[in-house]
Amino acid sequence: MDSRDDCDWRDGREFDEIYHILGTQWTAPTLVLPARCPRCDTMTVHLFFHRNPYNDGKTGGGWAWCSQCRGFGHGLWKIPEWWLDMPDLPDNALLFAPIIMDQIAKRIDAHWNRVRAAYRHQV
Ligand SMILES: [Zn+2]
(Lines give C-alpha, C1' and ligand atoms only; values in the text may rest on other atoms or scores of the structure.)
Protein backbone atom coordinates (compact mmCIF):
# COMPACT_ATOMS: atom_id res chain seq x y z
CA MET A 1 0.00 0.00 0.00
CA ASP A 2 1.30 3.41 -0.93
CA SER A 3 2.35 5.53 2.02
CA ARG A 4 0.25 8.39 0.65
CA ASP A 5 -2.83 6.21 0.51
CA ASP A 6 -6.19 7.74 1.41
CA CYS A 7 -6.17 5.85 4.70
CA ASP A 8 -3.07 7.48 6.10
CA TRP A 9 -4.87 10.52 7.52
CA ARG A 10 -4.63 10.66 11.28
CA ASP A 11 -6.39 12.70 13.91
CA GLY A 12 -5.73 12.71 17.61
CA ARG A 13 -4.24 14.82 20.34
CA GLU A 14 -0.85 15.07 18.68
CA PHE A 15 -2.47 17.06 15.88
CA ASP A 16 -4.34 19.50 18.10
CA GLU A 17 -1.88 22.25 17.17
CA ILE A 18 -3.07 22.03 13.58
CA TYR A 19 -6.75 21.89 14.54
CA HIS A 20 -6.36 24.89 16.85
CA ILE A 21 -5.37 27.06 13.89
CA LEU A 22 -9.00 26.82 12.78
CA GLY A 23 -10.13 28.19 16.13
CA THR A 24 -7.99 31.31 15.87
CA GLN A 25 -9.68 32.52 12.72
CA TRP A 26 -11.91 35.06 14.43
CA THR A 27 -8.88 36.86 15.82
CA ALA A 28 -6.45 36.36 12.94
CA PRO A 29 -8.23 38.03 10.03
CA THR A 30 -5.16 38.33 7.86
CA LEU A 31 -4.34 34.64 7.69
CA VAL A 32 -3.85 33.59 4.08
CA LEU A 33 -3.86 29.93 3.18
CA PRO A 34 -1.96 27.72 3.02
CA ALA A 35 -0.66 28.36 6.53
CA ARG A 36 2.51 27.17 8.20
CA CYS A 37 2.23 23.83 9.96
CA PRO A 38 3.25 23.95 13.64
CA ARG A 39 4.41 20.33 13.41
CA CYS A 40 6.37 20.02 10.17
CA ASP A 41 7.05 23.74 9.50
CA THR A 42 5.89 23.67 5.88
CA MET A 43 3.22 25.89 4.33
CA THR A 44 0.75 23.07 3.93
CA VAL A 45 -2.07 23.71 6.41
CA HIS A 46 -5.53 24.07 4.92
CA LEU A 47 -8.75 25.08 6.63
CA PHE A 48 -12.35 24.60 5.61
CA PHE A 49 -15.88 25.16 6.85
CA HIS A 50 -19.18 23.87 5.55
CA ARG A 51 -22.51 25.14 6.86
CA ASN A 52 -25.20 22.68 7.85
CA PRO A 53 -28.28 23.76 5.86
CA TYR A 54 -30.64 22.09 8.34
CA ASN A 55 -29.94 24.33 11.31
CA ASP A 56 -30.06 27.74 9.55
CA GLY A 57 -26.42 27.46 8.60
CA LYS A 58 -24.99 28.93 11.77
CA THR A 59 -23.17 25.75 12.64
CA GLY A 60 -21.52 23.16 10.51
CA GLY A 61 -18.35 21.24 9.99
CA GLY A 62 -14.84 22.59 10.40
CA TRP A 63 -11.67 20.93 9.17
CA ALA A 64 -7.98 21.68 9.53
CA TRP A 65 -5.32 19.51 8.00
CA CYS A 66 -1.72 19.40 6.91
CA SER A 67 -1.02 17.91 3.47
CA GLN A 68 2.53 17.13 4.51
CA CYS A 69 2.27 15.40 7.89
CA ARG A 70 -1.27 14.16 7.20
CA GLY A 71 -2.68 15.20 10.53
CA PHE A 72 -6.16 16.64 10.74
CA GLY A 73 -8.94 17.67 13.04
CA HIS A 74 -12.65 17.82 12.27
CA GLY A 75 -15.65 18.72 14.35
CA LEU A 76 -18.80 20.75 14.78
CA TRP A 77 -18.25 24.51 14.67
CA LYS A 78 -20.09 27.77 14.96
CA ILE A 79 -19.33 28.97 11.44
CA PRO A 80 -17.76 32.43 11.22
CA GLU A 81 -19.98 35.15 9.78
CA TRP A 82 -17.63 35.81 6.86
CA TRP A 83 -17.60 32.23 5.61
CA LEU A 84 -19.41 31.41 2.36
CA ASP A 85 -19.79 27.78 1.44
CA MET A 86 -17.80 26.71 -1.58
CA PRO A 87 -20.31 26.45 -4.45
CA ASP A 88 -18.51 23.87 -6.56
CA LEU A 89 -17.59 21.45 -3.80
CA PRO A 90 -17.68 17.82 -4.95
CA ASP A 91 -20.59 15.90 -3.39
CA ASN A 92 -18.26 13.37 -1.83
CA ALA A 93 -15.89 15.89 -0.23
CA LEU A 94 -17.50 16.16 3.20
CA LEU A 95 -15.92 13.10 4.74
CA PHE A 96 -14.63 12.91 8.28
CA ALA A 97 -11.03 12.80 7.04
CA PRO A 98 -10.02 15.41 4.41
CA ILE A 99 -9.37 12.80 1.73
CA ILE A 100 -11.18 14.58 -1.10
CA MET A 101 -10.58 18.07 0.28
CA ASP A 102 -6.84 17.59 0.15
CA GLN A 103 -7.08 16.67 -3.52
CA ILE A 104 -8.66 20.09 -4.20
CA ALA A 105 -6.69 21.96 -1.54
CA LYS A 106 -5.52 24.64 -4.01
CA ARG A 107 -9.14 25.45 -4.88
CA ILE A 108 -10.13 25.42 -1.21
CA ASP A 109 -7.27 27.79 -0.32
CA ALA A 110 -8.26 30.13 -3.15
CA HIS A 111 -11.89 30.09 -1.97
CA TRP A 112 -10.89 30.76 1.65
CA ASN A 113 -8.60 33.63 0.66
CA ARG A 114 -11.27 35.13 -1.61
CA VAL A 115 -14.12 35.11 0.92
CA ARG A 116 -11.82 36.23 3.73
CA ALA A 117 -10.55 39.17 1.69
CA ALA A 118 -14.08 40.11 0.58
CA TYR A 119 -15.24 40.25 4.20
CA ARG A 120 -12.29 42.44 5.22
CA HIS A 121 -13.30 44.93 2.57
CA GLN A 122 -16.81 45.18 4.02
CA VAL A 123 -15.71 46.15 7.51
ZN1 LIG B 1 2.47 19.37 8.93
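How many of the 7 residues of strand β1 are buried? In strand β1 (residues 45-51), 5 of the 7 are buried, so the strand is largely enclosed by the rest of the structure. Here a residue is buried if 20 or more other C-beta atoms lie within 10 Å of its own, exposed if 12 or fewer, and partly exposed in between, with C-beta atoms placed from the backbone.

This is a predicted model: local features need pLDDT of at least 70, side-chain atom pairs count only at pLDDT 80 or more, and totals for chains, interfaces and linings use all residues. Residues are numbered from 1 along each chain as its sequence is written.

**Overall layout**

- The chain has 3 helices and 3 strands. Both are DSSP runs numbered from the N terminus: helices are H or I with at least four residues, strands are E with at least two.
- Along the sequence the pattern reads α-β-β-β-α-α.
- Of the chain's 123 residues, 29% count as buried.
- Two residues are in contact if their C-beta atoms, placed from the backbone, lie within 7 Å. Take the contacts between residues at least 6 apart in sequence: 55% of them join residues at least 24 apart.

**The sheet**

- The 3 strands form an open, antiparallel sheet in the order β1-β2-β3. Strands pair if DSSP finds at least two bridges between them.
- β1 and β3 (72-78) stand at the edges with a single partner strand each, so one side of each has no neighbour in the sheet.
- From one strand to the next, the twist averages 20°. Axes are lines fitted to C-alpha atoms, for helices over the stretch in contact, and angles run from 0 to 180 degrees between N-to-C directions.
- β1 and β2 (residues 59-66) are antiparallel and share 7 bridges. Histidine 46 has tryptophan 65 of β2 as its bridge partner. Histidine 50 stands opposite glycine 61 in β2.

- In α1, the residues Ile18, Tyr19, Ile21 and Leu22 are buried. Seen down the helix axis, the buried residues of α1 fall within an arc of 140°, so they line one face. The arc is that of the directions from the helix axis to the C-beta atoms.
- These buried residues pack against β1, β2 and β3.
- The largest nonpolar core has 23 residues. Such a core is a set of buried Ala, Val, Leu, Ile, Met, Phe, Trp, Tyr and Cys residues joined through C-beta atoms within 7 Å. Those with the most contacts inside it are Ile18, Ile21, Val45, Leu47, Trp63 and Ala64.
- α1, β1, β2, β3 and α3 (105-122) each supply at least two residues of this core.
- Beyond its neighbours within four places in sequence, leucine 47 is in contact with residues including Ile21, Trp63 and Trp112.

**Loops and backbone details**

- Most residues other than glycine have a negative phi, and most peptide bonds are trans.
- The peptide bond from leucine 33 to proline 34 is cis, with omega near 0°. Proline 34 lies in the loop between α1 and β1.
- Aspartate 41 is in the loop between α1 and β1. Its phi is positive, about 60°, although aspartate 41 is not a glycine. With 10 other C-beta atoms within 10 Å, aspartate 41 is exposed.
- Arginine 70, in the loop between β2 and β3, has a positive phi near 65°. Arginine 70 is partly exposed, with 19 other C-beta atoms within 10 Å.
- Cysteine 40 is in the loop between α1 and β1. Cysteine 40 and cysteine 66 are 26 residues apart in sequence, and 8.7 Å apart in space, C-alpha to C-alpha.
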